Amino acid sequence: MSISSKIVDDVVAAGIEFVTTVPCKQLAGVIDEVEARPEIYHIPSNKEDEGMGLCAGAFMGGKKPMIIMQNTAIGVTINTLVTLTQFYRMPLPMLISYRGELREPVACQVEMAVHTKALLDQLLIPTYHFHKEADADELPEILNYTFMCNKPVAILTDASFWGGYGDQ
Amino acid sequence: MIRSEILKEIAPILRHQLVVCNIGIPSQELHAIDDQPSNFYMLGTMGLASSIGLGLALAQPKPVVVIDGDGSILTNMGTLPTIANNVAKNYILMIIDNGSYGSTGDQPTYTGKKTSLAKVAEACGCERVVECQDVDTGAVLQEALDSGEMTIMVVKCDSGNAKMPVITIDPVVIRDRFMKAVQA
């Protein structure tokens, strides 16, 4: 089974039925899986803060939401994370491609990578980092934890985890 | 008419619906005119009322009325293609278009100049788009609710704000009572 299928199996098993995505090359496989699953309503967003708004509404409508995006989105969404997701205490698992780490070919991605964990730390967002494939074994527990504590939770997934940039 | 006069007039329609209300003075006005547990007041996060409302409409069957503004739609213009391509028949986006950023001191927006949000919505693929004048808001809103079709309303009105108190309800209380209204 591919790692993308395994991740989306865990997402479905956690009862997540509403997933919004903003694409990243590293996430292409997992986005295809999300689109293919009949259990999930997949709604692509044009920008990540828009996606967080959609997730907030879906949560209040009784669905467990999730957002899939790139780490550059942390720069786009700080206000939304703080004044919507955290202020109203809403759960939001964020599966994030951690661009700009080892095996990254695009120098500009490193500029955001060096800020990613510091920003998440500053925002008091629980953060998990998947570097090796076995790290994903914790995903079911991370999803349970997110909906237990009603917080945004970050799952950073780097190029080594995905088997190298562009190999999907 | 200014926004608060429209809200006063349509309050009897709104009180029976799930309402997601835009940040700042619009929420303060609605809260002062007719506070209901079925109102979700945005206390921050400019631009996302339409997105929150769409997520809500897609997640459950009750009608959802979003009270948005021209400035907020301009801030999150990407919302219109998402709305058009994810049709929720229980979704009404009511854009109060007064051609100004009301909460920040009535600075003009581009919709008071060359930009037509109704045409943008149509170009994005929204199928039922109704532009109307302030005095017709109640009738057009009721018609939208009765139609059972996703509707984008662009309500042209005057710029101006009523003086209302800031909302001091805790956001978690707003969210909790709103979710109970959704489930009721």
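The following legends describe close-up views of a predicted model. Local features require pLDDT of at least 70 and side-chain atom pairs pLDDT 80 or more, whereas totals for chains, interfaces and linings use all residues. Residues are numbered from 1 along each chain as its sequence is written, with chains lettered from A and ligands numbered from 1 in the order in which they are written.

View 1. Pairing requires at least two DSSP bridges between two strands.

**View 2. Strands E1 and E3 of chain A.** Strand E1 (residues 16-21) and strand E3 (residues 64-70) of chain A run parallel and are joined by 5 bridges. Thr20(A) stands opposite Ile67(A) in E3(A).

**View 3. Helices H1 and H7 of chain B.** The axes (lines fitted to C-alpha atoms over the stretch in contact, with angles from 0 to 180 degrees between N-to-C directions) of helix H1 (residues 3-14) and helix H7 (residues 137-147) of chain B come within 9 Å and cross at roughly 35 degrees. Helices are DSSP runs (H or I) of at least four residues. Ile6(B), Glu9(B), Ile10(B) and Ile13(B) in H1(B) meet Thr137(B), Gly138(B), Leu141(B) and Gln142(B) in H7(B), contact being defined by C-beta atoms, placed from the backbone, within 7 Å.

Methods
Helix = DSSP H or I, 4+ residues; strand = E, 2+ residues; numbered from the N terminus. Contact = placed C-beta atoms within 7 Å.
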